[in-house]
Amino acid sequence: MTQHTPRIALVGDRSASVRAHARIPGIIDALLARDSIALDPYWIATADAAEAELSGFDAIWVVPGSPYESAAGAIAAVRTAREQGIPYLGTCGGFQYALIEYARDVCGLTRVEHAEVTPDADECLIVPLGCSLMGHEEGVMIVPGTLAAKISGPGRRTERYHCSYGVNQEYLATLTTAGLRFSGFDDSGQVRIVELPGHPFFIGTLFQPELHGDGTSPHLIIRAFAMAAAERVASLAPTSPSR
């Protein structure tokens, strides 16, 4: 039986003014041309994500572009991927909301907020960076023995950013105890990559791998995500009966 092309949910509020969004179609094409990985992408606005049948997708990618029209929709997308073992990639805002979902739904920190949306909240998990990374490049040190290291190799890499918010370091111990793993840090020790051990594929990056190079050679993390989607399709494909 012929397997279907992996269906990817691109959750975010698509805009021509968001450079990462403009890059994604070319990245999808490059994955096919360079790596023979075909993907069938569907854009889903965050306002629609909570009601969409995301469990029917082979992978979920929460793309940059926060503040999202619907934070609840972004959180619902993360929750579906986490709970149902669907490959997940969260970039920039997708990284931030993966942490919020985990803090609320797994750690029981139901009051944590994103300071960009609710700056006066008593508990902010996502807070302004000490120095904005809008349009900047920065080194990321990848921890050996992690999924990120398996994908990219351990050690220092330079990545591109377009954000001004990151994780509040005061919550790291709680999140780590509850099962998250932080696998990439900047030179000052600030978190830049998060992953979920035991999940088929779950990784978030504060940097935007969509902005890697000129877009014709997909970032290794995006390639690994696409491969995870293809592997999920293969694992769920019915086998032909023996004759």
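**Entry 1: helix α4**

I started with α4, where eleven of the 13 residues are buried, so this helix is largely enclosed by the rest of the structure. A reminder to myself before going on: this is a predicted model. The buried residues I listed for α4 are G93, G94, F95, Q96, Y97, A98, L99, I100, E101, Y102 and A103. I then checked its length: α4 reaches 18 Å from its first C-alpha to its last, close to the 18 Å expected at 1.5 Å a residue.

C92 has a positive phi of about 60° although it is not a glycine. I made a note of that because most residues other than glycine have a negative phi. C92 is buried too, with a relative accessible area of 4%.

**Entry 2: what packs on α4**

How do α3 and α4 pack, in angle and in distance between axes? I found helix α3 (residues 71-84) and helix α4 (residues 93-105) at an angle of about 75°, with axes 9 Å apart. That makes the two helices roughly perpendicular. From α3, the contact uses A71, A74, I75, V78, R79 and R82, and from α4 it uses Y97, A98, I100, E101, Y102, R104 and D105. I sorted these residues by type and got eight nonpolar, no polar and five charged.

Next I followed α4 to a histidine. H114 is in strand β5 (residues 113-114). With 2% relative accessibility, H114 counts as buried, since the cut-off is under 20%. Its side chain makes a polar contact of 2.8 Å with the side chain of Q96. Setting aside its neighbours within four places in sequence, I see H114 in contact with Q96, Y97, I100, I126 and Y165.

T46 is in helix α2 (residues 46-49). Is T46 buried or exposed? T46 is buried, with a relative accessible area of 0%. Beyond four places in sequence, I find T46 touching V11, G12, D13, Y68, E69, S70, G73 and A74. One of these, A74, also belongs to the contact of α3 with α4.

A cis peptide bond joins S66 and P67, with omega about 5°. P67 lies in the loop between β3 (59-62) and α3. This went into my notes because most peptide bonds are trans.

**Entry 3: helix α7**

I moved on to α7, which has 17 residues and reaches 24 Å from its first C-alpha to its last, close to the 24 Å expected at 1.5 Å a residue. Buried in α7 are I221, I222, A224, F225, A226, A228, A229, R232 and V233. E231 lies in this helix as well, but E231 is exposed, with a relative accessible area of 52%. I also compared E231 with V78: they are 153 residues apart along the chain, and their C-alpha atoms are separated by 20 Å.

Which residues of α1 and α7 meet? I found I27, L31 and D35 of α1 meeting I222, R223 and A226 of α7. These contact residues divide into four nonpolar, no polar and two charged. The axes of helix α1 (residues 19-35) and α7 come within 11 Å and cross at roughly 75°, so α1 and α7 are roughly perpendicular to each other.

**Entry 4: two last residues**

S36 is in the loop between α1 and β2 (40-44). Like C92, S36 has a positive phi, here about 55°, although it is not a glycine. At 64% relative accessibility, S36 counts as exposed, whereas C92 is buried.

I finished with H219, in the loop between β12 (202-205) and α7 (220-236). H219 is buried, with a relative accessible area of 1%. Its side chain makes a polar contact with the side chain of E159 at 3.0 Å. Not counting residues up to four places away in sequence, H219 touches R157, E159, F207, P209 and H212.

Key: Residues numbered from 1 in each chain as written. Predicted model: local features only at pLDDT ≥ 70, side-chain atom pairs only at ≥ 80, totals over all residues. Heavy atoms only, no water. Helix = DSSP H or I, 4+ residues; strand = E, 2+ residues; numbered from the N terminus. Buried < 20%, exposed > 50% of the residue type's maximum accessible area, 1.4 Å probe, protein only. Polar contact = N/O pair within 3.5 Å; in protein donor to acceptor, adjacent residues only side chain to side chain. Contact = heavy atoms within 4.5 Å. Axes fitted to C-alpha atoms, helices over the stretch in contact; angles between N-to-C directions. Parallel < 35°, antiparallel > 145°, perpendicular 65-115°, else oblique. Nonpolar A, V, L, I, M, F, W, Y, C, P; charged D, E, K, R; others polar. Expected span 1.5 Å × (residues − 1).
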